Amino acid sequence: MDRNFRFGVVGESIRSGAALAGTARRAEDLGYDVLVLRDHFVAEPFGDQLAPMVALASAASVTSTLRLGTMVLANDYRHPVMLAKEAATLDHLSGGRFELGVGAGWLREEYEAAGMPFDQAGARVGRLEESLRILRSLLAGHKTTFAGEHYRVEGLTVFPPPGRRPPLVVGAGSRRMLGIAGRYADTVGILPRALPDGTISDEITERLPETIARKVAWVREAAEAADGLAGRDARDVELSMMVTPTFGPDPRALAAKIAVMRGWGASSAELVLDMPSQFVGPPEHVAEQMLARRDRYGFTYYQVPDAAMEEFAPVIPLLTG
């Protein structure tokens, strides 16, 4: 793998404009590449959140190099034509620094609180696939006509026209979702599967090396099958993952602590040490793990929660210097 590493901060504890500006500036100063915001309007599971698109426009005004992204917007909350308009505007206002992350939506509690139907996964995923096709076309500056099961677009263009199409990011955990991400996304976030009850799987098997390798293979297969689609090159697909590293001098002891905390039992410490989503030990050891997992799986873009931003920062120059 010759792709360079990128690092992002997930601003999940930001509750005010002042905190947003402070986090954005600090992330830029520490060498992070991207600030991403979640898309929730209920307090669970990450606490209250600012509206991501508006908040990112504000963050753009106090930074100069930091990229800005959504991780990820729930497709059902916005029509793709309106989202393309907002994305094009935010990309313009930020000087081309915006990355548009979109997913199918998964939090049943949120849908129900807003009085929106929480459709079966097949319908939500089908809408997302159509939405991604529309977004790719509009944000590439094309006059777009589309007729699908869920959306119809008749000869629309987007203003302001992006200088280049903002990167599309898709978070995915199931085979169908990973295939769609491989076909249409520039960056694919590998996640545990979303469950029919509107939660995310906490099964240990979803985090084991063989499962992650299988998910990466599904992305690669889909990307290769779509090679050439609107100028697409399968080699350009970036793999990402959200992680919460745990720092300390003894990786094995830290792994045992994580295993107990997650309810997997202390005997699962060895499994935790091998999990592609778990990084434990001193910064130098974490950097070595990331290099090894780039070689094994292809991951080059990691996001950490803002609560871990300062502690993780020493890892960045070890991999980007």
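The legends below describe an overall view and several close-up views of a predicted model.

**Figure 1. Overall view of the protein chain.** The chain of this predicted model is built from 12 helices and 11 strands. Its C-alpha atoms occupy a box of roughly 60 × 40 × 40 Å along the principal axes. For 321 residues, a compact globule would have a radius of gyration near 20 Å, and the value of 19 Å for this chain agrees with that expectation. Of the 321 residues, 55% are buried.

**Figure 2. The salt bridge between Glu99 and Arg6.** Side chains of opposite charge can pair when their charged atoms come close. In this view, the side chains of Glu99 and Arg6 meet in a salt bridge, with a distance of 2.7 Å from N to O. The pair links distant parts of the chain: Glu99 belongs to strand E5 (residues 98-103) and Arg6 to strand E1 (residues 6-10), and the two are 93 residues apart. Are Glu99 and Arg6 buried or exposed? Both residues are buried. The pair also takes part in a network of salt bridges that links Arg6, Arg67, Glu99 and Glu238.

**Figure 3. The surroundings of Lys215, with Glu206 and Ile190.** Lys215 forms a salt bridge with Glu206, and their closest N and O atoms are 2.6 Å apart. Glu206 and Lys215 are both buried. Ile190 is also shown; this residue is found in strand E9 (residues 187-190). With a relative accessible area of 3%, Ile190 is under the 20% limit and therefore counts as buried. Along the chain, Ile190 and Lys215 are 25 residues apart, while their C-alpha atoms are separated by 7.4 Å.

Figure 4. Which residue pairs with Arg252 in a salt bridge? The partner is Glu270, and the two side chains meet with an N to O distance of 1.8 Å. Arg252 lies in helix H8 (residues 251-261) and Glu270 in helix H9 (residues 269-274), so that the pair, 18 residues apart, links distant parts of the chain. Arg252 has a relative accessible area of 46% and is partly exposed. Glu270, at 45%, is partly exposed as well.

**Figure 5. A patch of negative charge.** Glu221, Glu224, Asp227 and Asp236 gather in a patch of negative charge on the surface. One of these residues, Asp236, is located in the loop between helix H7 (209-225) and strand E10 (238-242).

**Figure 6. Two cis peptide bonds.** Most peptide bonds are trans. Where in this model are cis peptide bonds shown? One joins Met71 and Val72, with omega about -15°. Val72 is placed in the loop between strand E3 (67-70) and strand E4 (73-74). Another cis bond runs from Phe159 to Pro160, with omega near 0°. Pro160 belongs to the loop between strand E7 (152-156) and strand E8 (168-172).

**Figure 7. Val169 and Glu238.** Val169 is placed in strand E8. Its relative accessibility is 2%, which means that Val169 counts as buried, since the limit is under 20%. How many residues separate Val169 from Glu238 in sequence? They are 69 residues apart in sequence and 9.1 Å apart in space, from C-alpha to C-alpha. Glu238 also belongs to the network of salt bridges with Arg6, Arg67 and Glu99.

Figure 8. His79 lies in the loop between strand E4 and helix H3 (80-93). With a relative accessible area of 35%, His79 is partly exposed, because this value falls between the 20% limit for buried residues and the 50% limit for exposed residues. The C-alpha atoms of His79 and Phe98 are separated by 19 Å, and the two residues are 19 residues apart along the chain.

Technical notes: Residues numbered from 1 in each chain as written. Predicted model: local features only at pLDDT ≥ 70, side-chain atom pairs only at ≥ 80, totals over all residues. Heavy atoms only, no water. Patch = residues over 30% accessible without salt bridge, like charges linked within 9 Å, V, L, I, M, F, W, Y side chains within 5 Å. Areas by Shrake-Rupley, 256 points an atom, 1.4 Å probe, with all protein chains shown as cover. Salt bridge = Lys/Arg side-chain N within 4 Å of Asp/Glu carboxyl O. Lys, Arg positive; Asp, Glu negative; His and termini not counted. Charge placed at Lys NZ, Arg CZ, Asp CG, Glu CD. Helix = DSSP H or I, 4+ residues; strand = E, 2+ residues; numbered from the N terminus. Buried < 20%, exposed > 50% of the residue type's maximum accessible area, 1.4 Å probe, protein only. Rg over C-alpha atoms; globule rule 2.2 N^0.38 Å.
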